[in-house]
Each structure stands twice: as structure tokens, then as C-alpha cells.
Amino acid sequence: MRETTLVRRNALRNPVRMLLMVGCIAVAFLIFGVLSAVATAFRLEDQPGGHERMMVVNRNGFQQTLPIAYARDVARQPNVAVSSPVRMALVYWRQPKDIVSAVMVEPETYLDLSKDVVKVADEDRARFVATRDGLLVGRALAERYGWKRGDQVTLQSFTDLREDGSRAWRFTVAGIYTAAQPGGSELAMAGHFAYYNEALLTGRDRINWVLVQGRDLAANDAMARTIDAGYANSAAATRTQSEAALGRAFLSQIGDLMLIVRLIVGAAFVVILCVVGNTLIFMVGERTGEIGVLKTLGFSRLRVARIFAGEVALIAVAGAVAGMSVAALIVSALGTALKDVLPGMTMGASTLAMAAGLVALLILLTGILPVLQAGRVNIVEALGRK
Amino acid sequence: MNFMQRVPAVDNLIDIVDLSKSYRRGSTEVPIFDKLSLSIERGRFVALMGPSGSGKTTLLNLLAGIDRPNSGMLAVDGERIDGYSESGLTQWRANTLGFIFQFYNLMPMLTAAQNVELPLLLHRMSAKERRRRVDTALDVVGLADRARHRPRELSGGQQQRVAIARALVADPKLILADEPTGDLDRPSANAVLEILRLLADELGKTIVMVTHDPVAARAADLTLHLEKGRFVNEAVAA
Ligand SMILES: Nc1ncnc2c1ncn2[C@@H]1O[C@H](COP(=O)(O)OP(=O)(O)O)[C@@H](O)[C@H]1O
Ligand SMILES: [Mg+2]
């Protein structure tokens, strides 16, 4: 027999209480595991090239539009090497549930500016550029709908009306792109702005942003100030910033989400801290007599404390492993179900590392009082209490 | 007549000189012992009798180093323990002492053999040596066939014999027992006393046993009567 045998036997002596404590802890870790995976999936990866590329957007957010004329003005700025106007279009194919996010662009400049995001074979690029109603479709999207190069597809706009009263634009699949980075999205598509724009009833000649590549990175800030100053008093004032800065603005919203996740997880942990801590203190009180006996046999304060700490650790680790295992199953099922909407939902190493940290914290916080209490038990008093 | 003066040149395991102990109850000091002296020879089986509240358990606790005197000298096998720190006493108990309780106090979730093995967790030894010692101790108390039983599967008498094996397994010089037969029927009590007798006779253990039972006291070599914190007489049994 070893000391660990004593710890194990102690833990299992009241199976119902043990199960309840393990269950409590497991639920907290389940909440933590699932929410962390969801929150991680929402986080943007650091976008390559984002530091040099700038975006000119409406001061009130990129959902608001800018006149296409801005794109021509911006292109004339001395520091601008390449610029490209982009209009967002939210469309669906056949049924409204088949939503696709599309951008309507100036093909050549757009592809020049997007080399780090999308990879396009030369023939595909040439065909897309040359086809007025051409579409450049992400590989995954093309596979999902079974689209081949040359296919005619009709897309319905959620937001835009045509002059002829319909919402349908006919496109030809001109090329397929793949993600330039592993894990990048292949679920979007691009069409020609000119083709989309000419049919519009309302909102014609409006874009959502202008992509800009500066010649001299050091001059980007000055360029941004000049552009924004030029429109400061116009109907559509602009904000020009790097994609990274935009990403950070988006991240700050995700930051709020993370805060909510932390609050929920925190609340769950505070609750189990109280419940488990209280149960452990009660348990030590119940075993005071036994602690007195152990000490009489020559078990030191430290050793007694260690035995109880071991028991606390066993319960906490069992709960954490159970909770994280169930969370992993749920995350994997959710990940499969939501792989298109929310790709990248997995239980990562950072989540597991954090779970390990939480277990340690839990053991420390719930264990410290009962363990100290166990160590401090006075033998004479403990033995008198029969 | 002072016991220590009567046997001056013998080999004492326990020497107590001018030991005082009092408890604080509220604002008043309640004296239990005032300058108590006592010596017990090595290998003796001593019974300690006296009315309730006379200080028997307190004396045993002092001898066990789980309670501390206010003043005086307390030596076991020539080692003064009255000045030891808590951790010093803990270590000393692990090496020197076996303790038997009235209510056995076995760990309910451990088997008889594991209960007996418990004190050996405090000693470095091979698994084989450990097994041998546990087997021997269980043999001595006649419970080799119950090694794998849990306490609740054993009678009171059997549990107390397991407790004796536990007190014995680390081979201590001194065994203290607080009313070890107090909770047992006559036959079980006799079995326990027989084993204690054997520990003194065959293994040379020094035993101090608190008891209310005159029959139990007769199993000892010697009975000390404690009354209001003083020894009133000493009688050597046959
Ligand atoms: N921890 C303590 N605090 C205060 N008084 C105590 C304590 N332990 C024992 N006493 C008192 O000391 C006296 C002797 O007690 P004890 O040694 O248990 O007697 P016995 O075992 O002979 O019945 C009793 O009056 C008891 O109330
Ligand atoms: Mg008593």
C-alpha cells in the first residue's frame, strides 16, 4: 500500500458525494470547453499582408457606402501604387438558405491586391478578367453547389433591386480560386462591379470600400490623413486605416464576446468553488477523529495535509477530465454541423492548457482551507470527539 | 512510598519526575497533575485504574506525546520528550509508540492488512519487508485469515485485534492502550488481554493500559491507582 492508495480509498468512501462533486466540476469544465472553442472560432487569424494594405471606408462603418468617384480620387494620390473599389453583395443561389457572400470588384486591381489571400491560376484569372458576367468562385463553394467553369448561375440579391424589378443576376462561372494560406476561406466569390452596378435600380455607383496599396509604407499614415481630410465635409466622410487596424476594431468586438465567455465561465467556477470548497471543509470536519488517529500513529501535519490535498486533486482532475472529454465530443459535433458557418471550431492546445491552469487554480482555491484545517487538527481534541 | 525509590537500579523505560499538568477552563486553571512522579520498568505490563476524571487519559496522552506537560520531566527510554517540538514528537511517535484506542479507530475503507500497514508508510522499507511485517503482526493477533476483510466485516473483538497488530507492526518499544477492552464482551476482552500479555512476555514490549475492569487489570503485572491526579497505591499482580 502507498499513500496514494489511502488517497484513492478516501475519495471513494462516499461515492455519491464524490460523484456530485466530480459532476459539479465537470459541468463547469464543460461550459468552459465548449464556450472557449466557440470563442476561438470567432477570432480572426492574423491576416497576412494586412499591415501594408489600407482600406478607405465610410466613417460610419463599412456597411455604409461611398461614391465610386472616391476610388478614382484615391487612385490619384501620389503614394498610391494600386487601388481597387469593392462593393459587398449578399446573395443566395436557388433558396435563401444558400447564402453566399460576394464582392463586386474591378477584377485586375482586386486580384493584384489579393495575392496573399486568394490563389488563382493564370487561365482562370484571364477568363475572369475577360468575362463581363464572370464569377471567380472559391473551390469549396464550387464543390458544394457542383459548379464548373462555364456554368451559368443565377444569384438572387437580398438587398439590391434591379431596374427591371427583379433581384436576379445571371453570372458565368469563369474561374475557381483556392485559399493562399492554409485554413483560409474558399467559400466566397467575386464578380465584376461594372456588370453588377449597371443593372442596379438604387444604390448605383456606390461601393463599400477602396483597397489601397501604398508605395512607401512609411507614408501610409500621411496618405490616410490626406484622403480623410479631403472628404471631411462631404456627405460621406471616410476613415482610412490599415486592414490590421480594422481587424483590431473587429477584434475588440470579439473581445466583448470573450469577456462574456469569461464572465459565464467565471460564474460557473465561483459556484463550484463555493460548493466544492464547502463540501471539502465539511468532509474534513467529519473526519477529524480519523485525522487524530493518523497523527497519533505518527503522521505529520504535512503528511495529513498532503493526503487531503491529494484527495482534492483527484476529485478536481476527475471532474476536469470528464468535463473536457464531453466538451470535446460536443465541440467536434458542433464543428461538423457548423463547419461552413463557423469553421475552425476545435478544442485547441491553448484551451487545454487553460483547462489545466483552471484545475490547478481550482485545487488551490478549494483545497487550501480544508487542507490547512486538516493539518491543524489537534490530536487531544480530535480523539475526545468520539 | 515512592515507586521510583523502591526500584532504584532497574532498567526503566518510562521516567516521570515532578510532572505538572493543568487545563485552562475559562479564566481558571484546573490542575490535573501536580508534581507527579513515576517510573515503569522496561517490559512491564502496567494497568492504570481510577475513577472517571482522575487523569488517566491525560497521563496516557502525555506519555504518547500528543499532550504536553506544563512542567516536569518526561523521559522514554532515556529520551526526554517534554521539550520536543510538535514535529519532533510526531517523528518520535512513529518510531517509538504503538497506540490502542477504546473504539479501535480503524480506517473503514482500508482492509485489515492495509490498516495494519498504515504506520509502515512512515518507514522506509522494501515491499517484501512490509508484507512480512504485516503478515507477522496479523499472525500474532490470530487474524491472518482476515487480512482482506474491511473493519465493518469484523466483530468488535477482531477489530481491536487488528488495532493491536497496527500498534505492533512498526516494532515500538512502548504500547499505550486506553480502555482497550472497554467496548468488548468478556471472551473478546480476554482474547485481547491474552495478546497484550504475549506482547509483554514474548516481545518484551512495555505496555501501559488504562482500564476500568478489574479482570483486565489482573492480566497486568502491576496496577496503578490514580485518584484526583495522584497515585494512591501500587499493587503488583501475581
Ligand atoms: N482538553 C481538556 N481541556 C480541559 N479539561 C480537560 C481536558 N482534557 C481533560 N480535561 C479534564 O481533566 C480531567 C481528567 O480527564 P481525563 O484524563 O480524561 O480523565 P479520565 O481518563 O481518568 O477519565 C477531567 O476533569 C477532565 O474534565
Ligand atoms: Mg479516559
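Trainee: Let's start with A:Leu369. Which helix is it in?
Mentor: A:Leu369 sits in helix 12 of chain A. Keep in mind that this is a predicted model.

Trainee: Okay, and which residues form the nonpolar patch on the surface?
Mentor: A:Leu369 is one of them, together with A:Ile281, A:Ile368 and A:Leu372.

Trainee: Where does UniProt put the feature "transmembrane region" in chain A?
Mentor: The unreviewed UniProt entry places it at residues 20-42, 259-284, 305-331 and 351-372 of chain A.

Trainee: What does the chain look like over 259-284?
Mentor: Residues 259-284 of chain A are 100% helix and 0% strand, and the end C-alpha atoms lie 36 Å apart.

Trainee: And 305-331, how far apart are the end C-alpha atoms there?
Mentor: 38 Å for residues 305-331 of chain A, and that span is also 100% helix with 0% strand.

Trainee: Which residue does A:Arg306 pair with?
Mentor: A:Arg306 makes a salt bridge with A:Glu3, and their closest N and O atoms are 2.9 Å apart. A:Arg306 is in helix 11 (residues 301-337) of chain A and A:Glu3 is in helix 1 (residues 3-11) of chain A, so the pair ties together parts 303 residues apart in sequence.

Trainee: Now ligand 1. Which residues are around it?
Mentor: They come from chain B: B:Tyr23, B:Arg25, B:Ile32, B:Pro51, B:Ser52, B:Gly53, B:Ser54, B:Gly55, B:Lys56, B:Thr57 and B:Thr58. By class, that shell has six polar, three nonpolar and two charged residues.

Trainee: Which element supplies the largest share of the shell around ligand 1?
Mentor: Helix 2 of chain B, with three residues. Helix 2 covers 56-63, and strand 1 (12-25) of chain B also supplies at least two shell residues.

Trainee: How much of ligand 1 does the protein bury?
Mentor: Taken alone, ligand 1 exposes 560 Å², and the protein buries 66% of that.

Terms used:
Residues numbered from 1 in each chain as written. Chains lettered and ligands numbered in written order. Predicted model: local features only at pLDDT ≥ 70, side-chain atom pairs only at ≥ 80, totals over all residues. Heavy atoms only, no water. UniProt positions renumbered as here; feature names shortened; annotations may be inferred. Helix = DSSP H or I, 4+ residues; strand = E, 2+ residues; numbered from the N terminus. Near = heavy atom within 4 Å. Areas by Shrake-Rupley, 256 points an atom, 1.4 Å probe, with all protein chains shown as cover. Nonpolar A, V, L, I, M, F, W, Y, C, P; charged D, E, K, R; others polar. Patch = residues over 30% accessible without salt bridge, like charges linked within 9 Å, V, L, I, M, F, W, Y side chains within 5 Å. Salt bridge = Lys/Arg side-chain N within 4 Å of Asp/Glu carboxyl O.
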